[in-house]
Amino acid sequence: MTDNSAFTLASPDIRADAPIDAQFEFDGFGCSGENKSPALKWSGAPKDTKSFAVTVYDPDAPTGSGWWHWFVVNIPREVNELKDNAGAEGGANLPKGAVQVRNDYGSAAWGGVCPPEGDPPHRYVFTVFALKTDKLELPPGASPALAGFMVNANAIGKSSFTAKYGRSKK
Amino acid sequence: MRIRTLLAITAFAGLAPWAQAAGFTLTSPDIKPNSMIDKKFEANVFGCSGENKSPALKWSGAPKGTKSFAVTVYDPDAPTGSGFWHWFVINIPANVDELKPDAGNASNANLPPGAKQVRIDYGFAAWGGPCPPEGDKPHRYIFTVYALKTDKLDLPADATAAVAGFMTNANQIGKASFTAKYGRPKQK
């Protein structure tokens, strides 16, 4: 991970440490956003990167294990971004070859932010992982925890930013 | 004076749930708290070779008003980014105070009537034993029983453990836990 410090992830839609816009909110479980994934761009990946994975995780969700909102694997090495709404169900907006893992809502797609009303704003950690393998062989329906295990085992670098989202008590 | 009154009220208001929680305990005849888990409980997948049978669990002192129980086993040390759910049982009737050995069998035949297993992080709805990476420091496995204020959690058939965890936390009126450890030495 020698060039890890140069590896950076950013979003034109979400500033680091700032509140996330309501359009990225989920559209179920009492939430009513557009449930579209934000655009993401990265640069400075380690030289030996063979593929990328991108995750969005809420460590503050009151579940006992946080909440995986998005988990994309097998993003080809020559790709350096995910476009707006890349997380649509079915994968039509993903780079070729990339695959979405089932998130904690149970869908293989972007599952937007939806913290309980009145909770202090939750943190949402956006991460891109540079992997030493071009493909993760995951069983169909693999849990995000299993995908997370495989990603960590193959990571040669990663870059993250964190943003926040809260919903006031009605 | 006002502060003293406020403190007294706070203490009084806090007393009932605190007293209940203190009496609620979870134990296993098969696993002592803070000790090593026996190899027979190890998973039989992902390079692990145990019997993958769940240990017996017993609880007592549940709060009055308990309508059902949930039982979970979670490894916070799994290198996944979100730990690892090894077992998640819900809708255990209020008159039940134990899970028998191998209650986590995938057949569901060993569960109390009405109880249901949620899909865990291995991807199946059953006990999935410990299987930490070889050479890792022993992981912690947290065994928890939750007393719930509802007799049934209505979860979709394929609900994730995170959804079940959210619903369990939202409905719990008490819980009791113990932690045990498991490690696998590096193979030469």
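A residue counts as buried if 20 or more other C-beta atoms lie within 10 Å of its own. Keep that cut-off in mind, because A:Gly148 has 26 other C-beta atoms within 10 Å and is therefore buried. The model you're looking at is predicted.

**Chain A at a glance**

- Chain A has one helix and eight strands.
- Starting at the N terminus, you'd read its elements off as β-β-β-β-β-β-β-α-β.
- The radius of gyration of chain A is 15 Å, close to the 15 Å that the globule rule gives for 170 residues, so chain A is as compact as a globular protein of that length.
- Of the 170 residues in chain A, 43% are buried.
- Take the contacts in chain A with a separation of 6 or more: 73% of them come from residues 24 or more positions apart.

**The three-stranded sheet**

- Strands pair through backbone hydrogen bonds, and they can do so parallel or antiparallel.
- In chain A, three strands make an open sheet in the order β1-β2-β5, with antiparallel pairing.
- Its edge strands are β1 (8-10) and β5 (81-82) of chain A, each pairing on one side only.
- Three bridges link β1(A) with β2 (residues 40-43) of chain A, and the two run antiparallel.
- To spot this pair in the structure, look for A:Ala10, which sits opposite A:Lys41 in β2(A).

**The five-stranded sheet**

- Another open sheet of chain A has five strands in the order β6-β4-β3-β7-β8, and here too the pairing is antiparallel.
- Seven bridges hold the antiparallel pair β3(A) and β4(A).
- One spot to look at is A:Phe52, which stands opposite A:Ile75 in β4(A).

**The helix and A:Gly148**

- Helix α1(A) lies across β3, β4, β7 (122-131) and β8 of chain A, and runs at about 50° to β4(A).
- A:Gly148, the buried residue from the opening, is part of helix α1 of chain A.
- A:Gly148 and A:Phe71 are 77 residues apart along the chain, yet their C-alpha atoms are separated by 8.7 Å.
- What is A:Gly148 in contact with, leaving aside its neighbours within four places in sequence? The list is B:Thr80, B:Gly81 and B:Ser82.

**Where chain A meets chain B**

- On this boundary, 22 residues of chain A are in contact with 21 residues of chain B.
- The elements giving two or more residues to chain A's side are β3 (51-58), β4 (67-76) and α1 (144-154) of chain A.
- Which element gives the largest share of the side of chain A that touches chain B? That's α1(A), with six residues.
- Sorted by class, this side of chain A has 11 nonpolar, 10 polar and one charged residues.

**The nonpolar core**

- The largest nonpolar core has 90 residues, and those with the most contacts inside it are A:Ala53, A:Val54, A:Val72, B:Val71, B:Phe88 and B:Val89.
- Zoom in on B:Phe88: not counting residues up to four places away in sequence, B:Phe88 touches B:Thr72, B:Gln117, B:Val118, B:Ile120, B:Ala161 and B:Ala164.

Methods. Residues are numbered from 1 along each chain as its sequence is written. Chains are lettered from A and ligands numbered from 1 in the order in which they are written. This is a predicted model: local features need pLDDT of at least 70, side-chain atom pairs count only at pLDDT 80 or more; totals for chains, interfaces and linings use all residues. A nonpolar core is a set of buried Ala, Val, Leu, Ile, Met, Phe, Trp, Tyr and Cys residues joined through C-beta atoms within 7 Å. A residue is buried if 20 or more other C-beta atoms lie within 10 Å of its own, exposed if 12 or fewer, and partly exposed in between; C-beta atoms are placed from the backbone. Two residues are in contact if their C-beta atoms, placed from the backbone, lie within 7 Å. Helices (H or I, at least four residues) and strands (E, at least two) are DSSP runs, numbered from the N terminus. The radius of gyration is taken over C-alpha atoms; the globule rule is 2.2 Å times the number of residues to the power 0.38. Ala, Val, Leu, Ile, Met, Phe, Trp, Tyr, Cys and Pro count as nonpolar, Asp, Glu, Lys and Arg as charged, and the others, Gly among them, as polar. Two strands pair if DSSP finds at least two bridges between them. Axes are lines fitted to C-alpha atoms, for helices over the stretch in contact, and angles run from 0 to 180 degrees between N-to-C directions.
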